[in-house]
Amino acid sequence: MVKYKFSLKKFIYTFVIVLLIWYGFTTSFAPAELITGVIISLVIAYISVKNFNCCDPILLLPSHVLHFIKYFFVFLGALLKANLDVARRVLTPGLPINPGIVMFQTKLNNDFAKMVLANSITLTPGTLTIDIIKNKFYVHWIDVTTEDPEQVYKEIAEPFEKILLKIYN
Amino acid sequence: MDIIHEILKYIGLVFILIGSIFLFLGALGIYRMPDLYNRLQAGTKASTLGAMSVILGVGLLQPFWLIKLIIIIIFIGFANPLSSHALARASYRAGIKPCCDKEIDSYGKAVEKQLKKIQKKLKNLTD
């Protein structure tokens, strides 16, 4: 077991995010709500800070925010395409599928970035991440065209990973 | 003020309609696909966009709820793919093999490797 080192910076970021979510849900500025929110956020932040891994302060730099907005739109386009793809496959009488599990390697080394990439892959056309072992992604592909890891990487992950690499490396 | 409210109402209704169409297609996909992994594929994508779209539509009908609903949408965007990923991983390890004649499966070897490692460790512990 690795002993966890408490860092105040991370604690404050966790606290602020939990507090923002609280105010988003209550949407009222009565003093009682504000004080309850602060107390509950402190408790939750204290419990969850060692597993909380998403929000470095560097993510708030303007260039990174721009990358995030770009990522959001790329992702939204892929999500729409994925749904039209599902609709097409489901409504075609012959059920045109050719499934298999393929593998590719990622260059990302940040856990949160890996999770974002895996989620994006799951929500894009015809692919579903099954497992991540170190830096290998195992992906169920509904219409396999190639088994070569490099080709797979180019077809599935490249547009997302390019942007994530710019943010995290 | 009233006109804006009316316009928002109709946009919201369109979102709810689109969302329910996608949810229906997802259900049809779950019914038609041959095995678990393909069903997860259809189910995850359609239910994510469908739920997001319906919730956003409700938010436009009731603008006071919009902030809460956007938080819920973000949560669905993270939690939905994660849960399907967990289901797929668990069912592969429980022994459900992917279907169909053509066998393309690079994951099986990796799982076997991990299992062997764990067995070795257990042996060392018991010895």
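A word on conventions first. The model is predicted, so local features need pLDDT of at least 70 and side-chain atom pairs count only at pLDDT 80 or more, whereas totals for chains, interfaces and linings use all residues. Residues are numbered from 1 along each chain as its sequence is written, while chains are lettered from A and ligands numbered from 1 in the order in which they are written.

I begin with the domains. Chain A is assigned domain 1 (8-48) and domain 2 (57-168); such bounds come from an automatic or database domain assignment. Taken over C-alpha atoms, the centres of domain 1 of chain A and domain 2 of chain A are 33 Å apart.

Now the sheet. Helices (H or I, at least four residues) and strands (E, at least two) are DSSP runs, numbered from the N terminus. Chain A has an open sheet of 3 strands in the order β1-β3-β2, with antiparallel pairing; strands pair if DSSP finds at least two bridges between them. At the edges stand β1 (100-105) and β2 (127-133) of chain A, each pairing on one side only. From one strand to the next, the twist averages 25 degrees; angles run from 0 to 180 degrees between N-to-C directions, and axes are lines fitted to C-alpha atoms, for helices over the stretch in contact.

Strand β3 (residues 136-141) of chain A pairs with β2(A) over 6 bridges. Along this pairing, T127(A) is opposite W141(A), and D131(A) has Y138(A) as its bridge partner. The hairpin of these two strands has 2 residues between them, and K134(A) takes a positive phi near 55 degrees there. The pairing of β1(A) with β3(A) also runs over 6 bridges, and here M103(A) stands opposite Y138(A).

How much of β1(A) is buried? The count is 5 of its 6 residues, so β1(A) is largely enclosed by the rest of the structure. In β2(A), 5 of 7 residues are buried. Buried here means 20 or more other C-beta atoms within 10 Å of a residue's own, exposed means 12 or fewer, and partly exposed lies in between, with C-beta atoms placed from the backbone.

I turn to the core. A nonpolar core is a set of buried Ala, Val, Leu, Ile, Met, Phe, Trp, Tyr and Cys residues joined through C-beta atoms within 7 Å. The largest has 27 residues, and V102(A), F104(A), L117(A), I130(A), Y138(A) and V139(A) have the most contacts inside it. Among the elements giving two or more residues to this core are α2 (36-61) and α3 of chain B. Another core, of 15 residues, lies apart from it and includes F15(B) and F22(B).

Finally, the contact between the chains. It takes 33 residues from chain A and 34 residues from chain B, contact being C-beta atoms, placed from the backbone, within 7 Å. The largest share on the side of chain A, 6 residues, comes from α3(A). Helix α3 (residues 66-93) of chain B lies across β2 and β3 of chain A, at about 65 degrees to β2(A). Helix α4 (residues 107-126) of chain B lies across β1, β2 and β3 of chain A, at about 25 degrees to β2(A).

Conventions:
Contact = placed C-beta atoms within 7 Å.
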